[in-house]
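Reader: I would like a close look at the aromatic pairs and what surrounds them. Please take me through that part step by step.

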Amino acid sequence: KRTENRYPKIKDFVPLADLNDIVFGGWDVYNDNVFEAAMKAKVIEPMMLHAVKSELEAIKPMKAVFDRSYVSNLDGDHIKQAATKADLAKMVMDDIQNFKEANDCARMVVVWCGSTEVYLEPSAVHETIESFEAGLRNNDPAIAPSMIYAYAAIKLGVPFMNGAPNLTCDIPALIVLAKQTGTPIGGKDFKT
């Protein structure tokens, strides 16, 4: 009870991973390590960043799947190049598996926290996994970069959270794939 003046921690009730057991990684359109990126973003006080500078400098991004058609106010040079969106999805899957092995991870979660993409209406390519995979092979413009990340994670059975309002993992094709692989998904600004 609140009147008992006790303040238990959530970890006393729920088995959470220790912060020292968590490894962070990711993709970015810029080659800056996390410390450099955070300093340029000017969102966190520099003194706070300098307190964990070596840890942040150790996190270097992998090349990103990016297409300026979906985020016109952003441009970068740390971008994956491939003939098809299917090839890009395979590259992301390789990144996920390589990261898992290199860091000896028991579990993983992919969180989309990239820029908000242009608004897309659900279309035929989003209806089934077969139409979606054909769309990946055919570079369908209705498949945005965030969907490529979602597909790659879900295909590998890695939980995927969408931290933006994009049409991403909340399409019938990826919902069915998530059910097939038993993969938790959540979409729309972490609200679902």
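Author: Start with a definition. Rings of Phe, Tyr and Trp, the last by its six-membered ring, form a pair if their centres lie within 6.5 Å. Planes under 30 degrees apart count as stacked, over 60 as edge-to-face, and the rest as tilted. The model here is predicted. The structure holds 3 aromatic pairs.

Take Trp 112 and Tyr 149. Their ring centres are 5.5 Å apart. Their planes meet at 55°, so this pair is tilted. Trp 112 sits in strand S3, and Tyr 149 sits in helix H6. The two residues are 37 residues apart, so the pair links distant parts of the chain. Trp 112 and Tyr 149 are both buried. They also belong to one aromatic cluster with Trp 27.

Now take Phe 132 and Tyr 151. This pair is tilted too, with 5.7 Å from centre to centre and 40° between the planes. Phe 132 lies in helix H5 and Tyr 151 in helix H6, so the pair ties together parts that are 19 residues apart in sequence. Phe 132 counts as buried because its relative accessibility is 0%, and the cut-off for buried is under 20%. Tyr 151 has 6% relative accessibility, so Tyr 151 counts as buried as well.

Next, the core. The largest nonpolar core has 44 residues. Phe 132 and Tyr 151 are among the residues with the most contacts inside it, along with Ile 154, Phe 160 and Leu 174. Two or more residues of this core come from each of H4, S3, H5, H6 and H7. H6 gives the most, with 8 residues.

Look at Leu 174. Leaving aside neighbours within four places in sequence, Leu 174 is in contact with both Phe 132 and Tyr 151. Its other contacts include Met 147, Ala 150, Ile 154 and Thr 168.

Thr 168 is worth a stop. Thr 168 lies in the loop between strand S4 (160–162) and helix H7 (172–181). Its relative accessible area is 0%, so Thr 168 is buried. Its side chain makes a polar contact with the side chain of Asn 162, at 3.5 Å. Beyond residues up to four places away in sequence, Thr 168 touches Phe 160, Leu 174 and Lys 188, among others.

Helix H4 also gives residues to the core. H4 spans residues 85–102, which is 18 residues. From first C-alpha to last, H4 reaches 25 Å, close to the 26 Å expected at 1.5 Å a residue. Its buried residues include Leu 88, Val 92, Ile 96 and Phe 99. Seen down the axis, the buried residues of H4 fall within an arc of 155°, so they line one face of the helix. They pack against strands S1, S2 and S3 and helices H5 and H6. The face turned away from this buried side carries the exposed residues Glu 101 and Ala 102.

The two ends of H4 have details of their own. At the start, a side-chain oxygen of Thr 84 reaches to within 3.3 Å of the backbone nitrogen of Ala 86. Just after H4, Asp 104 takes a positive phi of about 50°.

How values were computed
Residues are numbered from 1 along each chain as its sequence is written. This is a predicted model: local features need pLDDT of at least 70, side-chain atom pairs count only at pLDDT 80 or more; totals for chains, interfaces and linings use all residues. Side-chain values use heavy atoms; hydrogens and water are left out. Helices (H or I, at least four residues) and strands (E, at least two) are DSSP runs, numbered from the N terminus. Buried means under 20% relative accessible area, exposed over 50%, partly exposed in between (1.4 Å probe, protein chains only). A polar contact is a pair of N or O atoms within 3.5 Å; within protein, one must be able to donate a hydrogen and the other to accept it, and residues adjacent in sequence count only if both atoms are side-chain atoms. Contact means heavy atoms within 4.5 Å. The expected span of a helix is 1.5 Å times one less than its number of residues. The arc is that of the directions from the helix axis to the C-beta atoms. A nonpolar core is a set of buried Ala, Val, Leu, Ile, Met, Phe, Trp, Tyr and Cys residues joined through side-chain atoms within 4.5 Å.
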